[in-house]
Amino acid sequence: MSGGSAMSLGKGSAPPGPVPEGLIRVYSMRFCPFAERTRLVLKAKGIRHEVININLKNKPEWFFKKNPFGLVPVLENSQGQVIYESAITCEYLDEAYPGKKLLPEDPYEKACQKMVFELFSKVPSLVTRFLRMQNKEDRSGVKEELREEFNKLEEVLTNKKTTFLGGSSLSMIDYLIWPWFERLEALELNECVDHTPNLKCWMAAMMKDPTVSSLLIDVKTFRGFFNLYLQNSPEACDYGL
Amino acid sequence: MTDDATRTLGKGSPAPGPVSEGLIRLYSMRFCPYAHRTRLVLRAKGISHEVININLRNKPEWYFTKHPFGQIPVLENSKCQLIYESVIACEYLDDAYPGRKLYPYDPYERARQKMLLELFYKILGYQNTIFFGGDCISMIDYLFWPWFERLDVYGIADCVNHTPALRLWIAAMKQDPTVCALLIDKNIFLGFLNLYFQNNPDAFDYGLSC
């Protein structure tokens, strides 16, 4: 199965069988930024995997047996072990699979990546809030809040004097925060990085990364999805297929 | 007497010097549950450390150079590296120091422990209402309360700054007539604990006048 362009499974669908040996499965949704974290790491580490997309507006009953919270992403391996919470799935993949380590081996450098991740923690809920807002004044308030959060990341880049948040090459922290920056243009939030030049440069550098560019979704498709998603349409998750 | 039984440093206190080699320093506060996590890990792994307690209501100006918002816990080593956020600090200690590993070796088992921690935070953050079950007190609040009442006796007031929803919940619970009617007097409870840990059978009747 290819990397995530299959129709989503919804209520009434048959539960999938066990995961074949040599593969790991990710339950995902094509437009979910949290699931994108996991797909970025799977790709970056060249891990053989299969993707099952879940219709998040019409969830299959069997999916709650995989994750009681009913959220994506969820990893399932051939031993039947299940891992959820996006950041935990990413760290699990880095530890369990060989090849390039995305998290530093040095304990302090690893802790630094986690501290930077904490700095980013308010962004996802702010972006969700913005997406759901219609009112112009409320929206500009959220934009201001976003700028403040981006300033924190700008400071990290300024102090480190490196292109990426973990150093001179791309690493885990960059993949963990990228999905939200990928969506800025579609949400008309690009202006929020106008005053953070290092972050803007970081975005440009990320776009050149082969893993990132292979998973990029265009602005039009995102907007089509957001439109349907806000209307709670069960077709949203399969937009564009 | 524990290793952290020293007076707090507050505004106007001189900044401490660099951390000596072979030691790691913890900025802490004796009653803070988050800092408590780090003290547990330091002890469990037998790591040589020193503790500086911070007055959280009257923070020293120099402390903001250790943490941008003056929070605890913060670790500082002899290389002047600073690590904060209690969970990050605990993992750093497990990674950086030899001896008994507290996190499992197996990646799946490690992931399981982290998922369990998320569950804990979800409990704390599961509220989008004052009470865990909604806008009125209900079974789940009564089921949780006894543990929080006991923690409250130890005075965690300053530390639920991290979890304002929990602070509100504790305050709201104390206004419930049922909770109120059964509130254990702090001094009596402490008296009980004192005798209990001495295995004194009179512990159970502590505070009774008859």
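## Sheet and contact

In chain A, strand β1 (residues 24–28) runs parallel to β2(A) and is joined to it by five bridges. Helices (H or I, at least four residues) and strands (E, at least two) are DSSP runs, numbered from the N terminus. This is a predicted model, in which local features need pLDDT of at least 70 and side-chain atom pairs count only at pLDDT 80 or more, while totals for chains, interfaces and linings use all residues. Residues are numbered from 1 along each chain as its sequence is written, chains are lettered from A and ligands numbered from 1 in the order in which they are written, and side-chain values use heavy atoms, with hydrogens and water left out.

Within β2(A), A:N53 is the bridge partner of A:S28. The open sheet has four strands in the order β2-β1-β3-β4 (chain A), and its pairing is mixed; two strands pair if DSSP finds at least two bridges between them. Strands of a sheet pair through backbone hydrogen bonds, either parallel or antiparallel. β2 (49–53) and β4 of chain A are the edge strands, each pairing on one side only. On average, neighbouring strands of this sheet are turned by 20° against each other, direction ignored.

Axes are lines fitted to C-alpha atoms, for helices over the stretch in contact (heavy atoms within 4.5 Å). Angles run from 0 to 180 degrees between N-to-C directions.

| Helix | Lies across | Angle |
|---|---|---|
| α1(A), residues 33–44 | β1, β2 and β3 (74–77) of chain A | about 155° to β1(A) |
| α3(A) | β1, β3 and β4 of chain A | about 125° to β4(A) |

Chain B has seven helices and four strands. From the N terminus on, its elements run β-α-β-β-β-α-α-α-α-α-α.

The contact between the chains takes 18 residues from chain A and 19 residues from chain B. Between chain A and chain B there are five salt bridges (a side-chain nitrogen of Lys or Arg within 4 Å of a carboxyl oxygen of Asp or Glu). One of them links B:R110 with A:E95, whose closest N and O atoms are 3.3 Å apart. On the side of chain A that touches chain B, β4 (82–84), α3 (86–96) and α4 (107–120) of chain A each supply at least two residues. The largest share of that side, seven residues, comes from α4(A).
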